[in-house]
Every structure is written in structure tokens, then in C-alpha cells.
Amino acid sequence: MKKKLHLPGELAGQAIRNVFAKPATIDYPHGDPSIPANYRGRLVYDAPRCINCLMCMRDCPSKAIRIENRGTKENPDMHAYLNVARCIFCCQCVDSCPKKCLSASNDILLARLSRDELSVEL
Amino acid sequence: MLLDILKILLFPGFAFLAAYAFLLEYVDRKAYARMQNRVGPPWYQPLADFFKLLGKKVIIPRNAGKRTFAALPVVSLAAVATAYVSVPVWGRAAIVGYEGDLVVVLYLLSIPTICLFLAGFSSHDVYTIMGAFRTLTQMFAYEVPLFIAFLSPAVLAGTWSITGILAFYADRPLLALVNLPAFFIALLSAQSKLERAPFDAPEAETEIVGGALVEYSGRYLAFMHASAMCELAVVTSAIAALFLPVLTGFAAADFALYLIKTLALLLLLTLLRASVARIRMDQMLNFCWMVMTPMAIIQIVVNLFLRGGLGL
Amino acid sequence: MSERDGKFVLPIGPQHPSLKEPCSFKITLDGEVVEKAVVEIGYNHRGLEKACESRTFVQDLYIIERVCGICSHAHTSAFCRCVEEMCGLLVPRRAEYIRGIVGELERLHSHLLWLGVAAHEIGFDTLFMYTWRDRERVLDMLAAIGGNRINYGVNTFGGVRRDLEPELIAEIGRVMDALEEKLKYYFELALVEPALIGRLSGIGILRPEDVRRFSAVGPVARAAGIMDDTRIIEPYGVFREIAVNGVTDDHCDVYGRTIVRVKEMLESVRLIRVMLRELPDGPISVKAPRRVPAGEILIRVEAPRGEDIHYVRSTGGDMPDRVRVRAPTEANWHGMSYMLEGFHLADVPIIIAAIDPCYSCTDRAVRLTDAGGSSLHAWEELRRLGIERYQSLGIDPSGIRLREFPRG
């Protein structure tokens, strides 16, 4: 180890330089938080491709997703419901889906004013 | 007479002090944030914090002395504001200057610290008492170098009035350079007086949760904070008057110089705060008694001999 | 206020600014010096092992990922390796490399986080902000790889879930270059800055014999010169092909732990570069069965905080019969009182922080002992005591018919 005598405040140079540098943070609601394209945000559901196999419901660790067929077996009318409050955004449902009708979007602005609004239809 | 009262109440007295304290707090927080590569708060943040606290509910601990608890913020703020009227701001003379006001200012500036100690002690909480004792221990450590450092320019100038000292050095600017060591000691002890890093052990939030003010809330907390910020303004003003005697002779220009000097001092203190870690109480005591106090004593002895030698 | 024989008992926690999670320390003070420290954990019991036992293996993966908020990848790596070994799956080489890259990125982000927390504990907020700023770059990379900043969800049984694209590989390389410069600066800072050395050295001492006695792991053990890095003493996955240069130090104190962590970060940067360069082509996963053959297994993985042990027992179904997670912090708690005693109150936060404690990873279950007046009750006796208690309150519950609970 160096035996040179150092005064406290080695960081002062960096601190002064940073005053004139661009800040690393943003003024949140206004700046750009730059979410990667493959981020695991809110789910997107492509109803016509769904075959009602319910693998997503079976594998969901938090029982957040629910698939419902409102039509008949021959003439399906598929709906997916997601409880965003329960969803842990692991996207196992996306991996489990054999027909790739579920996918993740990079939408992260999911806060709502009431708990009821968190149960959404995809 | 009426003009004097207006001066004390409005400008450059109490109202200006309050406004300037908010500005200094903003500059301090913004500069601190930018030194840390952050965006930092908007300009109205100190005001918003103050008014938000004013509207909050006040909770006084059951076993705290209620009158003391409520009176301390007022006493603290009053002492700081009183000290301010003896510091030159507009022009070269203070509003109320008299022989010996330097000592009065120093004692008035001790009152907020004692108020802080009493606030912690009267709150009857384990963290506030730890904070109170640390405040007091720290006060005994920095008060000696602070006093000696503030008095050494006075010894050389041969007057105990801040206005007089400023006038003395303004006529002989080169002599002010003699006080350079005392200037740095004054800055460091001011930093510990204001309990800012690296001397913020009395309010170390990671150890004792914020120290003496833990139990304070609402408007009492707001005024405690306000008095701390005003104390910062007064201390920087006093250091500027004693150690940076650059004057033009025009009152308005001197006032602009005053603003520049105090802001520069504040930025120095902010840089110090940003670039070091908090030191432990034992390290703080060692530093004050083994380094700062001997240096301050040497300074005052040098100034005494210099005064004799120059035949002032 | 608690005073006993003129001594101050200062409670730190369960809620305290220096603790990131609830945990209680009863510090007996003699002036400013810690005379006795009692550590009480158990505020964070989440029942995650039981939760794992009542869900399928696939679902458990995401519970295991949430054992720890920082080393999520280390835990899933261990759990996946348990399942893969039991199913006899051979993980593709590319998947092992991607796991290794994510694991080392995780070590970087965990150690940078630690450095920031340690700086904050000693009141060095500027260093705290700088390290967390640099940590953001690593988190951005992890988010780009896995799709989330903390729970990357990269691992799955039989491989990884997402591949590394060439652009991303180039981007990680650029981030590593920028980060290495910063890390070297921090290393230099740790060597020369008196404010850091003065606050960190000589406190929280745990000598090699104490490390063995308290069975400490990770940087705490390595700071005492004991090499216990699982990547070296029992190489797994990608580390069978790429050798790790172990980092040890002989300071035995908090300063040594800081040096070890900063050096490990530089080593992680080197490992990530090597792995990115030698990343093989091929598939990233093999298909894993839903039912895991009967058997039991114990796997060790090097998490950023030290050795992470997972035990899984299966009876042949799609749910595990037993899951046991021993997070590294659990091993490091035992020496905590010993490390705290004799030092200043001002050093308590940094000594606690120096093991990089992860409270909720550790808390498992309440232990009943005979000491301190607690006792074990049989079910009937407990029920009788309950009825008596309510009768003493003026409520008579004896008429309520309860369903018979299964015994055993």
C-alpha cells in the first residue's frame, strides 16, 4: 500500500467536475426513463390465436391471469383478464404459451388510483 | 429611530435574513446534488419544505417538558436573528455596531447549539439523548478553536467590534492574509458548529436516527430547521466580514460583494460536506484538540506579536 | 429509555434508518463503546420454503428468484441446478456462459450496492451516489438481458430464457470498459482516502480462527485470508472452463472486506470480458420435464454475499417435497455479536453492513428453546390454555365445536 500522506477529501476533484457535468438522474415524470424494448412489463394478449389450453393459468406462480371462453367450442370468443396487483411480471405465461399469443410489452406505467382498476382485460 | 427599526425588521435585518437563509439552503442543496451528479431540488424546495412542516400536526412527547419543548425553536431563532444585526451587510457598518459586539455575536451563536442540546435532553428519548450529549461534546471541542479563530483578527485590529475590524482590514487588505490559518480554522469549526459532514455525528441518521430533533415535528421542527439555516447565513456572514475584507466604498456594491463572499463560503462548506465521510466522536475530539486548537493558539500569539511589532 | 446499572441500552431496530430491513439489535453501551450486543432476527419470516412445497417446480422458480432482492440469479441458479441434476439434464454450453455472465453482472451490481450502502453508513453520501450511479449502468444491462432490473428471470430448467444478441454483447463490453475505469478509481480511493481508512480499518475484526468458529462465508471469510469461493473450490457451470482468480485479504476487518469486494468487482469485469469473448454458439436451453424424478440433492453456488446452499427433495411429482434455502447471510449472522462488541456505537452500522446482511433471505422459522421460560405445548394442552385464557377474559369458547386437526 502507498505510504504517501493524503489529506481527506480525495473526492473533491470529482465533485467539482460533476458540478459542470450533465446529471446522471432525470426529473422523473418529465425525462426519458429509457425502458429497453424487451422489458417485461404489462402483458399483451392476441385472442384469435389462443386455443384455450390454459397452460398460462396453470403455470402462473401468483394466479394473476385468467383466460375465459365466452363463446362455444366451435366458435370461440376468447378473453384474458390480468390482475396487475398480483402479477409479478415473471412472464412464465409467455414462455408456457404454445401458440405465442401472450407477449410482454415495455409498458411500465401501471399505477392506478384504486385496486379495482388494477384488474384489467388484456 | 423609526428607520433603524425598519432596518432591523426588514432590510438588512430579519426579513432579509430569512429570505437569504432560504436562498442559501437552496444553493447548498442544489450544489450538493450537482456535486453528486444528481439533478437536485427546484428553487422553491426549501420554502415548500418549510410551509409543509408548518401545516403538519405537532406531537409533543408525553414526558417532555412542554414549555421548554415549544420555547426552544423560538429562542434559537431569536438568538440567531439578534446576532445578525451586528454583522455588516449593507455598506461597511452593521445596523447595530458597538465595541465588543464580536463577543456578543459569538455567544449568541452558541445559543442555538445549547437549544439543540436542551431539545434533545427534554425529549426524553434514547436517540435524542445520545444526540444531545454528542451535540454538547462536540460543542466543547469546537468552541475553543472557533472563539480563538474569530478573536485573532480582532486582536490584530485592536478592536472588538465587527464593524471596526472590517474597517481596519479594508484599509490594510494585505494584513488580512495573516489571518489565513485562522480563516480555515473558522471554516472548519463553523462546519462542526452547523453539524454538517464530516462533523455531523450529533445527527448521524444511520447511528442515532437524526439525533436531538427526533421527537420534533410540525412547526417546531420547521423553526428548528429555519434557525439552523439562519445560523449558517450568520456564520458565513461573520466569517466574510472578519476574514474577507474586500470593500469598494459604495453601499450597493459592498452588498453585492457580501452576497458573492457568503455564497462562495457556502460553496466551500458544501464542497467539504460532499467530499468527506463522517468522522467518529473520538476522531472529532482528537482533531479539535490536537490540531485545530494549537493552530488557533499559534495564530493568536503571532497576531499579538505582530501588533506589537507593527506598532499599531 | 432503558438504563440498567448505569449502562445505556440502545435499541437499533426493528425500524432504524441504517437497517434496510427489520432486524433488532440490543446494544448495551458503556459511554460510546459497545459492551454487549444481542442480535434478534426473525421479523421477516415469509414462509417461502413452505410456499415452494405447495407449488409446482416451474412456479417455485419465481418464488426462489424472490428469496433475495439482490442475488436473485444466484438463488435460481442453485435451484435450477438442483432440478437439472435430478432430471439428468445437460445444460447447453451457451446457456452456461449466459448464466455465468448474468451471475458476474449480478456480483457487480451487488458489490456496487454494498459499497454505496457502506459509504452511506459512514456518512459518505457522495461516494454512495457515485457507486449507485455506476450500478445503474449494470442494472440497465441486466434489464436489457433479462427484461427486469432485479428479478432478471434469466434462468429456467435446462438453460436460460433469453439469448444474448450481438448488439447487446457489444453494449455490455462498452459498459464494462466504462465501469472498469470507475472501479479502478474506487480501488485507488479505498487505498488512499484517509476518511475511508480512518472509519473502516480496525473495526469489526473477525480473525481466521473466528471465521472457522462462526463458520462465516463470502467476503467476510475472504477478508480473513480464507478462500471459500465456491467458484474455485468446487467449480460449477462455466467456471469449470474459465478459471477464477480468487481474492483474499489479511486485514480481517471492515476495511479488508471493502478491499475484497472492490477487487472481486475488477475480477468480475475480467470474467465477463472472457465469457463474452468465448461465448459458444448453439441452443440456449433443453426441454425440461414437468415431473422431477424422486431423489434429493444439495447444491452450492457462489452468491455475491458468499456460499448459497439449496437442498431439494422430490417424490417424483411436479411439486417438491422439501426445499431448503440457506442464504449466505445466515452463516454470517453467528459472528455478529462478537464483531460488534468492544467497538464504538458509531461503528455499529458499518459493522452490521459489512457482512452485507440480507435479512429476509435468512429468516426461516421461529425456534423454540427451553431457555427464557418458553416451553413446548402439545396440541390439546395449547387448546386448553387458550380456552382458559378466553374464560379469564369473560368469554366462554368451550361450546364452540372445532374441526379435528390432523396430528403429526
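**Exercise 1.** In this predicted model, B:Phe16, B:Tyr20, B:Trp90, B:Phe255 and B:Tyr258 form one aromatic cluster. Classify the geometry of the pair B:Trp90 and B:Phe255 within it, and state where each residue lies in chain B.

*Solution.* A pair of aromatic rings is described by the distance of the centres and the angle of the planes. Over all chains, the count comes to 28 aromatic pairs. As to accessibility, B:Trp90 is partly exposed because its relative accessibility is 38%, whereas B:Phe255, at 15%, is buried.

**Exercise 2.** Classify the aromatic pair of B:Phe117 and B:Phe121, and decide whether each residue is buried or partly exposed.

*Solution.* The two rings lie 5.7 Å centre to centre with 20° between the planes, and the pair is stacked. Both residues lie in helix 5 of chain B, 4 residues apart, which is about one turn of the helix. B:Phe117 has a relative accessibility of 14% and therefore counts as buried, whereas B:Phe121, at 39%, counts as partly exposed.

**Exercise 3.** Over which rings do the charged ends of B:Arg219 and C:Arg135 sit?

*Solution.* In chain B, the charged end of B:Arg219 sits over the ring of B:Tyr220, 5.4 Å from its centre. In chain C, the charged end of C:Arg135 sits over the ring of C:Trp132, 5.0 Å from its centre.

Note on methods:
Residues are numbered from 1 along each chain as its sequence is written. Chains are lettered from A and ligands numbered from 1 in the order in which they are written. This is a predicted model: local features need pLDDT of at least 70, side-chain atom pairs count only at pLDDT 80 or more; totals for chains, interfaces and linings use all residues. Side-chain values use heavy atoms; hydrogens and water are left out. Rings of Phe, Tyr and Trp (its six-membered ring) pair if their centres lie within 6.5 Å; planes under 30 degrees apart count as stacked, over 60 as edge-to-face and the rest as tilted. Helices (H or I, at least four residues) and strands (E, at least two) are DSSP runs, numbered from the N terminus. Buried means under 20% relative accessible area, exposed over 50%, partly exposed in between (1.4 Å probe, protein chains only). A charge sits over a ring if NZ of Lys or CZ of Arg is within 6 Å of the ring centre and within 35 degrees of the ring normal.
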